[in-house]
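Me: I would like to work through a structure feature by feature. Please give the general idea each time, then the case at hand.

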Amino acid sequence: MKNDSQTMDRQIPVSEQRKRKLRKAALWTGGFLAVLGAAAWLGGQMVPTLELDKLIISEVDRGTIDVSVSATGKVVPAFEEVIVSPISSRILEVYAHSGDSVDVGTPLCRLDLQSAETDYAKALDEREIRRQQMAQLKANTETQLSDRRMQIEVEEMKLSQLEAQLRNELYLDSLGSGTRDRVRQAETALRTAQMQLQQLRQQYENEKSVKQADMRMQQLQNSIFEKGLSEKRRTLDDAKIRSPRRATLTYINSEVGSTISQGQKLAIVSDLRHFKAECEISDTHADRVRVGGAVLLKIGKERLTGSVGTVTPLSQSGAITFTAVPDDMSHPRLRSGLRAEVFVITSIKDDVLRIKNGSFYSGPGDYTLYVIQKSKFKIQNEKGSAVLVPRQVKLGECNYDYIEVVSGLEEGEQVVVSDMTKYKGKEKLKVK
């Protein structure tokens, strides 16, 4: 008995206790992993159930697709004009305020024009001086040329007299009453007069050419001066700041007394009855955007047809800009600053299979879509139930409403166009 008591009271070694604890932990871990594996296997065997009313279903039909590419747009006034100061000046008075409706010629503000008006008055005086100088040049030219023509006429008369004298001397010499010396003298005098007359005529033509060139030069200088004067007049008129069109004043510099520089913005007038959209699109679609091309503008639930107005071919940050002009530029849904979805129509495809456009679509290519199969594919013998089965489908071009089906679907089939990413890999889904 004593030996048995000693055996029972003997302490178990620490190493043996550690081994027993490790075996127990291994048993618990293995059991836990087995339970998890079984749960995962059961989960994989279960078919997820979806509610039909939470899915977007599209029936495959046949029809027309207006192929388009999407762009972003912002509604802006169709006509907007920035009025800048044509001169450096000061604002003396302001006659209108932002939001006012203005008509053509409505005064907006008044600038200090004293310096500009003084310069214009000096220019008018200079124009009068130039006119007097031009008249004087014409008079002098006419006088000098007239004197030269008179000299030519006198020489022509002398030449006629010398020709008559030569004829007389020749006649007398033929009768024997004259001498050869007198004939030679008459011939020399005639040749001398002819040369002098030729010289006068050449001088007249030279002077006439010079005077005409001087006149043309003076006229050209006066023409340049007149253009500068007209520019001063126009600048002075522009400095009387008025509205250039019937519109709404959307901005005006109302700081009376402030100094403004030439070219500084003074006001903006906008036509808030007619609108267009300023749009951006990826430059990968640059060759599809052409002036006059058809567009569709979507503002909220409203759709407006239109056309491309202008295109800026320069790419900035991977995008090009263009304007979309609605057919009805005064549509009540249009408001300045509204964002618009813009679809540029590039071509039209007739008699093609199509499904409704959905958020899953990112461009032409292969997709896995879930197709509805009816009660002949029953699950758990539930009459009238349906399942969704994944299918490889090839899709083509699209527009806002439809996507072209190239292959993988048949007319009349129903397909889910909702985003089904989280069910990727599921062989079938139950629908109730």
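Me: Which residue is the bridge partner of leucine 249 in β10?

Reply: This is a predicted model. Strands of a sheet pair through backbone hydrogen bonds, in either a parallel or an antiparallel sense. Here, leucine 249 has valine 269 of β10 as its bridge partner. The strands concerned are β8 and β10 (residues 265–270), which pair in the antiparallel sense over 4 bridges.

Me: How many bridges join β6 to β8?

Reply: Strand β6 (residues 101–102) and strand β8 (residues 247–252) are joined by 2 bridges and run antiparallel. Opposite serine 101 stands threonine 248 of β8. Opposite valine 102 is alanine 247, also in β8.

Me: In what order do the strands of this sheet lie?

Reply: The order is β4-β10-β8-β6, an open sheet of 4 strands with antiparallel pairing. The edge positions belong to β4 (80–84) and β6; each has a single partner strand, so one side of each lacks a neighbour in the sheet.

Me: Now the charged side chains. How many salt bridges does the count come to?

Reply: Side chains of opposite charge can pair when their charged atoms come close. In this model the count comes to 19 salt bridges.

Me: Which residue forms a salt bridge with arginine 245?

Reply: Glutamate 81 does, and the closest N and O atoms of the pair are 4.0 Å apart. Arginine 245 sits in the loop between α4 (180–238) and β8, while glutamate 81 belongs to strand β4, so the pair ties together parts 164 residues apart in sequence. Arginine 245 is partly exposed, its relative accessible area being 31%. Glutamate 81 also counts as partly exposed, at 31% relative accessibility.

Me: What does the salt bridge between aspartate 112 and arginine 90 tie together?

Reply: The side chains of aspartate 112 and arginine 90 meet at 3.5 Å, N to O. Aspartate 112 is in the loop between β7 (109–111) and α3, and arginine 90 is in strand β5 (residues 89–94), so this pair links parts that are 22 residues apart in sequence. Aspartate 112 is partly exposed, with a relative accessible area of 27%, and arginine 90 counts as partly exposed at 35%.

Me: Is aspartate 271 buried or exposed?

Reply: Buried means under 20% relative accessible area. Aspartate 271 has 7% relative accessibility, so this residue counts as buried. Aspartate 271 forms a salt bridge with arginine 273, with the closest N and O atoms 3.4 Å apart. Arginine 273 is partly exposed, at a relative accessible area of 48%.

Me: Which residues do salt bridges with shared partners join into one network?

Reply: Arg62, Asp351 and Glu411 are joined into one network in this way.

Me: Last, the surface. Which residues form the nonpolar patch of about 310 Å²?

Reply: Tyr171, Leu172 and Leu175 form this surface patch, and about 310 Å² is their accessible area together. One of them, leucine 175, is found in helix α3 (residues 114–175).

Me: Why does leucine 175 count as exposed?

Reply: The class exposed begins over 50% relative accessible area. Leucine 175 has 52% relative accessibility and therefore counts as exposed.

Methods
Residues are numbered from 1 along each chain as its sequence is written. This is a predicted model: local features need pLDDT of at least 70, side-chain atom pairs count only at pLDDT 80 or more; totals for chains, interfaces and linings use all residues. Side-chain values use heavy atoms; hydrogens and water are left out. Patches are made of residues with over 30% relative accessible area and no salt bridge: like charges are joined within 9 Å, nonpolar side chains (Val, Leu, Ile, Met, Phe, Trp, Tyr) within 5 Å. Accessible areas come from the Shrake-Rupley method with a 1.4 Å probe; for residues, only the protein chains shown count as cover. Buried means under 20% relative accessible area, exposed over 50%, partly exposed in between (1.4 Å probe, protein chains only). Two strands pair if DSSP finds at least two bridges between them.
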